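Hi,

Here is the structure I promised to pass on to you. Could you have a look at it alongside my notes below?

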Amino acid sequence: FQAELTECMKPKEGWEEKKLGEVATIQNGFAFKSNLFKKEGEPIIRISNIQNECIETKDIVYFCKEDYFVNFDNYRIFPNDILIAMSGGTTGKLGINRTNSIFYQNQRIGVIRENKKVLNHFYLYYFLQTKSEESLKIAAGAAQPNLSTAQIKNFIIPIIPLSVQKAIVSHLDSLSSTIRKLEELQQKTLAECDALKQAMLREVFE
C-alpha cells in the first residue's frame with residue numbers, strides 16, 4: 001500500500017508543486033503542566049493519545065482553564081482535524097479526530113488544516129502519510145527526535161485539480177479498505193492457529 005500511495009503522490013508532468021506552508025496552516029500545541037492535570041475538565045490530547053490513525057481517549061487527561069492565564073482558542077482540536085506527532089520515537093505519526101468532540105493539543109502535537117480551495121482534506125492526509133519516513137529522518141538528527149513546524153511547512157506537495165484529488169482519495173480509500181479486511185483475516189487466522197496448537201497440546205498431555 002505504501003508503494004501505491006507514494007506512486008499516487010509522485011508529481012506528474014503538468015502538476016504544480018507548492019510548499020505545504022503555502023496551502024495549509026500548521027499549529028503547534030500548548031505546554032500544559034503535568035502537575036495541573038485533572039481527572040475531569042477540558043480534554044488534552046497528548047502524543048500517546050494518537051493511536052491507529054485516530055484519537056484514543058482511554059488514558060486522556062484534563063485541565064481547568066482557570067489554572068492558566070491563556071486564551072486556548074488556538075489550541076482547539078476540532079472534528080476531522082489532522083494531527084501529527086512532532087517529537088519522540090513516533091515522530092511523524094498521524095491521526096484524525098474522528099469524534100464529534102473538541103480537544104486541546106498538548107505541546108509537540110501539530111494540527112494541520114488545509115486551504116479547502118486547493119486541497120482535498122483526505123488527499124492531504126494521504127500525502128502526509130508518504131512523509132512519515134522523511135519526518136523520522138529529519139527528526140533523527142537530534143538527541144531527542146524533533147520535528148518543527150518550519151520543517152513541515154517545507155514539505156513539497158503536488159497541487160492538482162480537486163476533482164483529480166478526489167479520484168485519488170477514492171482509489172486509496174478502496175485499497176485501504178481491502179488491506180484492513182486482509183489484516184482482520186490474518187489476525188483471525190493466527191488466533192485460530194493458536195487455538196488449534198493449544199488444543200493439540202492439551203490432547204497430547206491430558
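Two rings of Phe, Tyr or Trp (for Trp, its six-membered ring) are taken as a pair if their centres lie within 6.5 Å; planes under 30 degrees apart count as stacked, over 60 as edge-to-face and the rest as tilted. Before the findings, a word on the source: this is a predicted model, where local features need pLDDT of at least 70 and side-chain atom pairs count only at pLDDT 80 or more, while totals for chains, interfaces and linings use all residues. Residues are numbered from 1 along each chain as its sequence is written, and side-chain values use heavy atoms, with hydrogens and water left out.

Let me start with the aromatic rings. The count comes to 13 aromatic pairs. One of them joins phenylalanine 32 and phenylalanine 63, with ring centres 4.6 Å apart and planes at 50°, so this pair is tilted. It links distant parts of the chain, 31 residues apart: phenylalanine 32 is in the loop between strand 2 (24-27) and strand 3, and phenylalanine 63 is in strand 6. (Strands are DSSP runs of E with at least two residues, numbered from the N terminus.) Phenylalanine 32 has 6% relative accessibility and counts as buried, and phenylalanine 63, at 1%, counts as buried too. For reference, buried means under 20% relative accessible area, exposed over 50%, and partly exposed in between, with a 1.4 Å probe and protein chains only.

Tyrosine 68 and phenylalanine 72 make an edge-to-face pair, 5.7 Å centre to centre with 85° between the planes. Both tyrosine 68 and phenylalanine 72 are buried.

Strands pair if DSSP finds at least two bridges between them. Four strands form an open sheet with mixed pairing, in the order 6-3-10-7. Strand 6 (61-63) and strand 7 are the edge strands, each pairing on one side only. Strand 3 and strand 10 (residues 103-105) run parallel in their pairing, over two bridges, and isoleucine 45 stands opposite glutamine 105 of strand 10.

Asparagine 49 sits in the loop between strand 3 (42-45) and strand 4 (50-51). Is this residue buried or exposed? Asparagine 49 counts as buried, at 1% relative accessibility. Leaving aside residues up to four places away in sequence, asparagine 49 is in contact (heavy atoms within 4.5 Å) with Ile44, Cys54, Ile55, Glu56, Asp59 and Ile60.

Finally, the charged pairs. Searching the whole structure gives four salt bridges, each a side-chain nitrogen of Lys or Arg within 4 Å of a carboxyl oxygen of Asp or Glu.

- Aspartate 81 and arginine 113 have their closest N and O atoms 2.7 Å apart. Aspartate 81 lies in the loop between strand 7 (76-77) and strand 8 (82-85) and arginine 113 in strand 11 (residues 109-114), so the pair ties together parts 32 residues apart in sequence. Aspartate 81 is buried at 7%, whereas arginine 113 is partly exposed at 27%.
- Lysine 116 meets glutamate 114 at 2.9 Å, N to O. Lysine 116 is exposed at 62%, but glutamate 114 is buried at 10%.
- Glutamate 16 meets lysine 18 at 3.3 Å, N to O. Glutamate 16 is partly exposed at 41%, and lysine 18 is partly exposed at 25%.

Best wishes
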